[in-house]
Amino acid sequence: MSGLSASKLTCIKRDRLLFTELSLQVSKGELLYLRGPNGAGKTSLLRILTGLTMPEEGEVCFDGLSIFSPDSTYTDHLVYLGHKSALNSMMSAVENLQYWAAQHSVSLSLQKLYDVLETLGLVGLEDVPVKFLSAGQQRRVALSRLWLKPAELWVLDEPFTALDVEGIALLESLFASHCSDGGMIITTSHQALSPSAGKHQVFDLEYSL
Amino acid sequence: MSSLYTGVFKRDLTLAFRQKAELLQPLMFLVLVVSLFPIGVGPAPEILQMIGPGVIWVAAILSSLLGMERLFRDDFNDGSLEQLMLSGLNLNLVVAVKITVHWLVSAVPLLLLSPLLSMFLHMTVDMYIALLMTLLLGTPLISMIGAIAVGLTVGVSRGGVLLALLLIPIFIPLLIFATSAVDSAALQLPYFSQLAIIAAMLLLAVAFSPFAIAYSLKVSQN
């Protein structure tokens, strides 16, 4: 079975049952749009799907192989962007991304890096320490990883936070092209996706007490 | 290999030198504490020689606790640690490299300062050689054991006191054997057995601490 499938996941946080018996499936070319009120467990679900957290029960498989098994190459196919931008505030955008690319064994030319930052409207800010950038600009630097690493599956936690209208449009068109190339996206958001993001399935998480 | 070197070793080294204040703080603390003792207890050589090894080692342990949190705190807070865990690199190797960098930037300056410190405390050459040997074997041990505790407390806000409470009891054997080695050197006695015990603790830590640290970091992500 290709793609990402999760079966019968249970997550308990601080003695509160967030979800149980949760199953979902994302195949090639699909965008899964995860909705739910604050505290419903969207971030917890995404962290389980990336393998950062272990579920209480259940299994997550990528291309038929459990992502928790030692010989899984899951992380090669994955880009995860969480709430935290994973940018060190002392370093510039270019340095942050170069070290990140080295960690993820992505070969990256400086030219490509500058091109991507230009696409994101960050010309002239490449060498400025990240702490001097605005929240939206920092978000753009974090999102540039989607352009840099050739991964099939993107797991994105609130990618639109702090982005302006143009940034949102840019990201939505990237979603559409990624899905049409056979990629997979799982994203959460509190605002509805516009039609330019392409077709998407909606998955609702409910807040349970 | 190159991704470990560029992505972790070079990155951590660059960051360490960019945060010079954090780098110098523990060292300044160490030098200040050691230099206050001759003033406080008087300049009599016998007394200074008696308390010297203990003073340097206690100051070294306390100053290393000051800088210890730096090891994973920033990476945990800004999310870089998450990305590192999803990078496909072996986390055990990653933490081993991180500890190496931490030792290079925190303990090597201490080793370079040690001749000065031993002069403050009127140590003989024999005593200084013994002290240097114990520091060479003991400081990597401090970094490795400390990193386990940092990994466990990284998710706790204001974990500094907790860190000290966890670690100081564990460092007591190291302190006992290290100071005893220097005391033996002062009496012209062999101190190989004390060094061997510290070396044994170090080898045990080299073998097991990367796994323990990687596991503690995974636990902290929950």
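This is a predicted model: local features need pLDDT of at least 70, side-chain atom pairs count only at pLDDT 80 or more; totals for chains, interfaces and linings use all residues.
Helix α2, residues 93-103 of chain A, packs with helix α3, residues 110-119 of chain A, at an angle of about 125 degrees, and their axes are 11 Å apart. That angle makes α2(A) oblique to α3(A), and the crossing of these two helices is right-handed. On the α2(A) side, the residues in contact are Val94(A), Leu97(A) and Gln98(A), and they meet Leu110(A), Leu113(A), Tyr114(A) and Leu117(A) of α3(A).

The helix α2(A) also packs against the other chain, where its partner is helix α1, residues 2-18 of chain B, at an angle of about 145 degrees and with the axes 7 Å apart. Here the crossing of α2(A) and α1(B) is left-handed. From α2(A), Glu95(A), Tyr99(A), Ala102(A) and Gln103(A) take part, and the residues they meet in α1(B) include Ser3(B), Gly7(B), Lys10(B), Arg11(B) and Arg18(B).

Now to a pair within chain B. Helix α2, residues 20-41 of chain B, and helix α6, residues 91-120 of chain B, pack at an angle of about 15 degrees, with their axes 10 Å apart. Angles under 35 degrees count as roughly parallel, and α2(B) and α6(B) are therefore roughly parallel to each other. The crossing in which α2(B) passes α6(B) is right-handed. The contact residues in α2(B) include Leu23(B), Leu27(B), Val34(B) and Pro38(B), and among those they meet in α6(B) are Val105(B), Pro109(B), Leu113(B) and Phe120(B).

What lies on the surface of chain B? A nonpolar patch is found there, formed by Phe29(B), Val58(B), Leu62(B), Leu66(B), Ile168(B), Ile172(B) and Ile176(B), which together have about 560 Å² of accessible area. Two elements of chain B, α3 (45-68) and α8 (160-186), each give two or more residues to this nonpolar patch, and Ile176(B), for instance, lies in helix α8 of chain B.

Finally, two backbone values deserve a careful look. Lys8(A), whose place is in strand β1, residues 4-13 of chain A, has a phi near 50 degrees, which is a positive value in a residue other than glycine. In chain B, Gln188(B) lies in the loop between α8 and α9 (192-221), and its phi is near 60 degrees, again positive in a residue other than glycine.

How values were computed: Residues are numbered from 1 along each chain as its sequence is written. Chains are lettered from A and ligands numbered from 1 in the order in which they are written. Side-chain values use heavy atoms; hydrogens and water are left out. Patches are made of residues with over 30% relative accessible area and no salt bridge: like charges are joined within 9 Å, nonpolar side chains (Val, Leu, Ile, Met, Phe, Trp, Tyr) within 5 Å. Accessible areas come from the Shrake-Rupley method with a 1.4 Å probe; for residues, only the protein chains shown count as cover. A salt bridge is a side-chain nitrogen of Lys or Arg within 4 Å of a carboxyl oxygen of Asp or Glu. Helices (H or I, at least four residues) and strands (E, at least two) are DSSP runs, numbered from the N terminus. Axes are lines fitted to C-alpha atoms, for helices over the stretch in contact, and angles run from 0 to 180 degrees between N-to-C directions. Angles under 35 degrees count as roughly parallel, over 145 as roughly antiparallel, 65 to 115 as roughly perpendicular and the rest as oblique. A crossing is left-handed if the near helix is turned anticlockwise from the far one by less than a right angle, and right-handed if clockwise. Contact means heavy atoms within 4.5 Å.
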